[in-house]
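Dear colleague,

I am handing over a structure with this message, and I would be grateful if you could look at it before reading on. My notes follow below it, arranged by region.

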Amino acid sequence: MSERTKIIKKQGKPTPRSVSLSDVAKHVGVSTATVSRVLNNPEKVAEKKRLIIEEAITELGYIPDGAARALASRHTKTIGAVVPTLDNAIFATGIQALQSRLKSAGYTLLVASHEYDLDEELHEVKTLLRQGVEGIMLVGGTHRPELDDLLTRQHISHVNCWAYDAGSPKPYVGFDNKKAARRLTDYLLGLGHRHLAVIIGHTTNNDRAADRLAGIKEAMASQGLVLEEGSILQRAYSVKQGREAMQALLKSSIKPTAVICGNDILALGALAECKAAGVSVPDDISITGFDDLELSSQLVPALTTVRIPSAEMGRLAADHLIAQINQEDTLLSTEVDIELMIRDTTAAAPGCKKS
């Protein structure tokens, strides 16, 4: 067994705590009709009272009776997945693999997105629980504390993907984003690059982007280097945003010899802008991505990037959830391998020769 994995043995899975509508009503000091109205017609309840009741529902871990009975009996055969966005091929690939593996085991997948809004993520998870899902796949390890508490209190099988934290008690199927970014940065430093810039996704509510930025900074610090002021551009994940960010870098006084992009889509925009501006890649500037989308190897020049095994994560997440639901011995966490794909968009820094 890999040292990167731990096994937890199932001693019989506790049944989700039975909390009734009347328990919530008694806790708040209102009628059951008022609690029901908050659940079904929240716009008809005064905001102050509604917020108090919603807080009690979360605190007590109440799930409407129909879904609670289905969940307790384990007859729903449904799994939920909540991802940051569906407008990203890397998540689509993982979700497709997750669904395929679940389908072969007789499960149905329900999918929701939260657009990097952790409050919305919590809302979507609650909605899926009301549908009686038996397990939940999440992206990343950073969520609202109420979400983690809810899943723990209700003994809901769950797993966090696209991230990995060896020291965490949370279940993960993913990779260490900080370590992956550091590996990529070390490669560029080995080519003689000392003036780097970063085009990355917004780090707020996105621990994957935050960890990748931290890994870049750590690699540079190990060589006594720092990212210059103005060399970190946070942008939405789109080709247009990548192109606009690259345009800003080319017009600035920073003059990086290499640009690390937070994903391949941003890198595609950066490459397009360099071509439009007459900047040669990689002779004048090196560009890297992150994810290794199918198109990345087909670009001219082909993109140097980090390959993320999204389909493998989807399959492993399905296996993890099914094992938990069936009360089988299962891995607490699994770290998948990433791969540095060295292609044509990177070369030695201008004026340097790779040793």
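Cys274 lies in helix H11, which covers residues 264-277. Please keep in mind while reading that this is a predicted model, and that every value below was computed from it. Is Cys274 buried or exposed? Its relative accessible area is 0%, and because buried means under 20% relative accessible area, Cys274 counts as buried. If you leave aside the neighbours within four places in sequence, the residues in contact with Cys274 are Met246, Val279, Val281, Ile285 and Ile287. Arg208, by contrast, is 66 residues away from Cys274 along the chain, and the C-alpha atoms of these two residues are separated by 27 Å.

**The chain as a whole**

The protein chain has 12 helices and 13 strands in its secondary structure, and its C-alpha trace spans about 75 × 50 × 35 Å along the principal axes. Of the 355 residues in the protein chain, 49% are buried. The chain exposes about 16,300 Å², of which carbon and sulfur atoms supply 48%. If you take the contacts in the protein chain with a separation of 6 or more, 73% of them are accounted for by residues 24 or more positions apart.

Two packed helices are described by the angle between their axes and the distance between the axes. With that in mind, please find helix H1, which is made of residues 21-28, and helix H3, which is made of residues 47-60; their axes come within 10 Å and cross at roughly 125°. H1 and H3 are therefore oblique to each other, and H1 passes H3 in a right-handed crossing. On the H1 side, the residues that take part in the contact are Asp23, Val24, His27 and Val28, and they meet Ile52, Ile53, Ala56, Ile57, Glu59 and Leu60 in H3. Sorted by kind, the residues of this contact of H1 with H3 are seven nonpolar, one polar and two charged.

How do the axes of H2 and H3 cross, and at roughly what angle? Helix H2 consists of residues 32-40, and its axis comes within 10 Å of the axis of H3, with a crossing of roughly 90°. Because angles from 65 to 115 degrees count as roughly perpendicular, H2 and H3 are described as roughly perpendicular to each other. Here Thr34, Val35, Val38 and Leu39 in H2 meet Lys49, Arg50, Ile53, Glu54 and Ile57 in H3. The residues of the contact of H2 with H3 divide into five nonpolar, one polar and three charged. If you set the two lists beside each other, you will find Ile53 and Ile57 of H3 named in the contact with H1 and named again in the contact with H2.

**Backbone details in two loops**

Next, please follow the chain from H11 onwards. In the loop between H11 and strand E10, the latter being residues 286-288, you will find Pro282, and the peptide bond that leads from Val281 to Pro282 is cis, with omega near 15°. The loop between E10 and strand E11, the strand being residues 305-307, contains Pro301, where the peptide bond from Val300 to Pro301 is cis, with omega near 0°.

Asp291 is also found in the loop between E10 and E11, and its phi is near 135°, a positive value in a residue other than glycine. Asp292 lies in that loop between E10 and E11 too, with a phi near 65°, again a positive value in a residue other than glycine. Asp291 is buried, with a relative accessible area of 5%, and Asp292, at 14% relative accessibility, counts as buried as well.

At 38% relative accessibility, Glu339 counts as partly exposed. Not counting residues up to four places away in sequence, Glu339 touches Arg183, Thr305, Val306 and Arg307. Glu339 and Ile308 are 31 residues apart in sequence, and in space their C-alpha atoms are 7.2 Å apart.

With kind regards

Notes:
Residues are numbered from 1 along each chain as its sequence is written. This is a predicted model: local features need pLDDT of at least 70, side-chain atom pairs count only at pLDDT 80 or more; totals for chains, interfaces and linings use all residues. Side-chain values use heavy atoms; hydrogens and water are left out. Axes are lines fitted to C-alpha atoms, for helices over the stretch in contact, and angles run from 0 to 180 degrees between N-to-C directions. Helices (H or I, at least four residues) and strands (E, at least two) are DSSP runs, numbered from the N terminus. Angles under 35 degrees count as roughly parallel, over 145 as roughly antiparallel, 65 to 115 as roughly perpendicular and the rest as oblique. A crossing is left-handed if the near helix is turned anticlockwise from the far one by less than a right angle, and right-handed if clockwise. Contact means heavy atoms within 4.5 Å. Ala, Val, Leu, Ile, Met, Phe, Trp, Tyr, Cys and Pro count as nonpolar, Asp, Glu, Lys and Arg as charged, and the others, Gly among them, as polar. Buried means under 20% relative accessible area, exposed over 50%, partly exposed in between (1.4 Å probe, protein chains only). Accessible areas come from the Shrake-Rupley method with a 1.4 Å probe; for residues, only the protein chains shown count as cover.
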